[in-house]
Number of protein chains: 2
Amino acid sequence: MSLPRIAIDAMGGDVGVRVMIDGAAEARRHHDRFKFLLVGDEARISTALESHPNLREASEILHCEDVVGGDEKPTQALRRAKTTSMGLAVNAVKRGDAGAAVSAGNTGALMAMSKLALRTMPGIDRPALAALLPTLGENDVIMLDLGANTECDARNLVQFAIMGAAYSRIVTGREAPRVRLLNIGTEEMKGTDQLQVAAAQLRAATGLAMSFDGYIEADKINRGEVDVVVSDGFSGNIALKAIEGAARFVTDLLRNAFTSSLRSKIGFLVSRPATELLKHHLDPNNHNGAVFLGLNGVVVKSHGSATAGGVANAVMVAARLLEEDLTQRIAADMAALGEDRLRDSK
Amino acid sequence: MSLPRIAIDAMGGDVGVRVMIDGAAEARRHHDRFKFLLVGDEARISTALESHPNLREASEILHCEDVVGGDEKPTQALRRAKTTSMGLAVNAVKRGDAGAAVSAGNTGALMAMSKLALRTMPGIDRPALAALLPTLGENDVIMLDLGANTECDARNLVQFAIMGAAYSRIVTGREAPRVRLLNIGTEEMKGTDQLQVAAAQLRAATGLAMSFDGYIEADKINRGEVDVVVSDGFSGNIALKAIEGAARFVTDLLRNAFTSSLRSKIGFLVSRPATELLKHHLDPNNHNGAVFLGLNGVVVKSHGSATAGGVANAVMVAARLLEEDLTQRIAADMAALGEDRLRDSK
């Protein structure tokens, strides 16, 4: 089977062409059956490719000079979908010229362009932004939505659960990933009406490839006891950022503590391998690559300040989702479920 | 000036009478002008007081046998307001027999009883639950609401901001505490309508004893750059628990990392003072004592599983708020503000 290509927006992100090309090259070493479409300034891409013959032989360059700005409003960026590296990368997926697009550019613009070009899948009302977070368990946990939809109704939440479960089956290999709705308590009457209706529908629905068991509170997200945490985009974004901030807070405290006395400094040096392990677990680059789920095509957002290793992770997420055909899986799940079953279950 | 008494629900919480009495005794050593009303089983309280003559001489016991259950529904608990230790402690504040009540019992029941007995202050539509969180800066940050109100309108958020600022002036000594609304971005058009309206009103309002400057994202809560973070109860609860969970996640990772090799174990032992400092910062007992703001009287919730040190912290929060007359401060701020100015500012 020949795999679809991966389109890389080589211009997006805070760091520029080199880090995107270095990252793509690293990803290709792990997924060497893939070919690439590198979108951006041809001269700079060619220069960056000089150190990566393995990527160069697998790549075509699509030249363009226009770039979406980091602070640009999505509506503004949309007008330049045909001329910017981001727009052209997404459009390559639309045309079938690539199966996935990876960009480190402006999230809002990428979402808007992807929605407009790729449209949502049959049965899905709104796409959601999903990411992997580290846990104490064997697998990462998938969280969605992380900010694509500020407000969501029960129907959106149910669709997010189905999409998240499909993604998690690929990540964890579980046939029925453990799915929970993010809430402020685990009792049935907790939280908003939307949450309660969505929980009732998911409990009553048959034929879902997931193990749904109600609510999860935000302090349990990283325990490794669930595979998918579903929320509206506002709460999900708050939870994600709170986790990032708290992890940074603790490591900052730790650094201060370890440099506060000679004795601590010595301890720190002796225990270097332990703190390296910690750093490895918490480094966002190791979990880079948020996915827009629910579109007719795979779009992966790499963090704007990701390192080459982080970009490689994002590209590998795209590769993995193409190899396992996530889009087709979600379509099949939605079809298997049927609209009526969800409606009846209310 | 004679200070009002502090009523202690000696029966609430997971651990029982001894930890509440030990905690109150420790708090009194720091605030020795206070007298106490200890509510609960007289025999058990008397036994616990034997090791604390300093508290015994300052206390009256109000005997009762009935206790609100940890899982009891607030509506159910409300019916026993006159017979339970929690209800009697709150009612002591209502009658003017105490200035503050401290309980480690069921949060929902405590909120319901406090609202019914004490009523909200003039100008305040809904009380909010506020707590102190550790930061990298000099002061703790105050977060509210943490779950008393699942959904809030702009008017609620503005009132929370005013109450939080009054509390923060006591904690930080700043005349104009730095207040921000919790949101998923800092641009003006981000987030829900309620947030945008609340931000516009706070920006336009005059005479507020705070420095308001728009939004804060959840990853910045612990940086020490703001004094008050305002949100609806759903988002606030999500953020608080996400921070708690992430802090525990990192320390768990750290413990695993430090015990993974002999070299790390030695490093850990050598750097003990550093990790103790870390533990001190992150121990929730050191930040125990959430306050219901906006009632005609002070009610402090101690965590159900708090240690005696944690209870002491909660009691000291109550003592501090009485010494500084928080209720009067909020009333004065609301009066100074005036209803019209807020309405006009929209």
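## A salt bridge within chain A

In chain A, the side chains of A:D125 and A:R155 form a salt bridge, with 2.5 Å from N to O. The two partners come from distant parts of the chain, 30 residues apart. A:D125 sits in the loop between helix 6 and strand 5 (128-133) of chain A, while A:R155 belongs to helix 7 of chain A. The model that holds this pair is a predicted one. Over all chains, the count comes to 28 salt bridges.

## Two domains in chain A

Domain 1 of chain A brings 23 residues to the contact, and domain 2 of chain A brings 15 residues.

## Where the domains meet

About 1,600 Å² is buried between domain 1 of chain A and domain 2 of chain A, and 62% of that is on carbon and sulfur atoms. Three residues, A:M111, A:G294 and A:L321, account for 30% of the area that domain 1 of chain A buries against domain 2 of chain A, more than any other three residues. The count of salt bridges between domain 1 of chain A and domain 2 of chain A is zero. Polar contacts do occur across this interface: six residue pairs, both residues at pLDDT 80 or more, are found between domain 1 of chain A and domain 2 of chain A.

On the side of domain 1 of chain A that touches domain 2 of chain A, at least two residues each come from helix 6 (107-118), strand 11 (298-301) and helix 12 (308-323) of chain A. Helix 12 of chain A gives the largest share of this side, eight residues. Sorted by class, the side of domain 1 of chain A that touches domain 2 of chain A holds ten nonpolar, ten polar and three charged residues.

## Where the chains meet

Chain A and chain B each put 54 residues into their contact. The size of an interface is often given as the accessible area lost when the parts come together. For chain A and chain B the buried area is about 4,700 Å², with 76% of it from carbon and sulfur atoms. The residues of chain A that lose the most area to chain B are A:I184, A:F234 and A:F249, which together make up 14% of what that side buries.

Two salt bridges cross the interface of chain A and chain B. In one salt bridge, the side chain of B:K241 meets that of A:E217, at 2.3 Å from N to O. There are also six residue pairs in polar contact between chain A and chain B, with both residues at pLDDT 80 or more.

Helix 9 (233-258), helix 10 (262-270) and helix 11 (272-282) of chain A are the elements that give two or more residues to the side of chain A that touches chain B. Helix 9 of chain A gives the most, with 21 residues. By class, the side of chain A that touches chain B has 28 nonpolar, 16 polar and ten charged residues.

## How the two copies are related

## Backbone details

A cis peptide bond links A:L144 to A:D145, with omega about -5 degrees. A:D145 lies in the loop between strand 6 (141-144) and helix 7 (154-172) of chain A. In chain B, a cis peptide bond joins B:L144 and B:D145, with omega about -5 degrees. B:D145 is in the loop between strand 6 (141-144) and helix 7 (154-172) of chain B.

A:D325 is a residue other than glycine with a positive phi, near 50 degrees. The place of A:D325 is the loop between helix 12 and helix 13 (326-337) of chain A.

Conventions: Residues numbered from 1 in each chain as written. Chains lettered and ligands numbered in written order. Predicted model: local features only at pLDDT ≥ 70, side-chain atom pairs only at ≥ 80, totals over all residues. Heavy atoms only, no water. Contact = heavy atoms within 4.5 Å. Buried area = accessible area lost by both parts, 1.4 Å probe. Salt bridge = Lys/Arg side-chain N within 4 Å of Asp/Glu carboxyl O. Polar contact = N/O pair within 3.5 Å; in protein donor to acceptor, adjacent residues only side chain to side chain. Helix = DSSP H or I, 4+ residues; strand = E, 2+ residues; numbered from the N terminus. Nonpolar A, V, L, I, M, F, W, Y, C, P; charged D, E, K, R; others polar.
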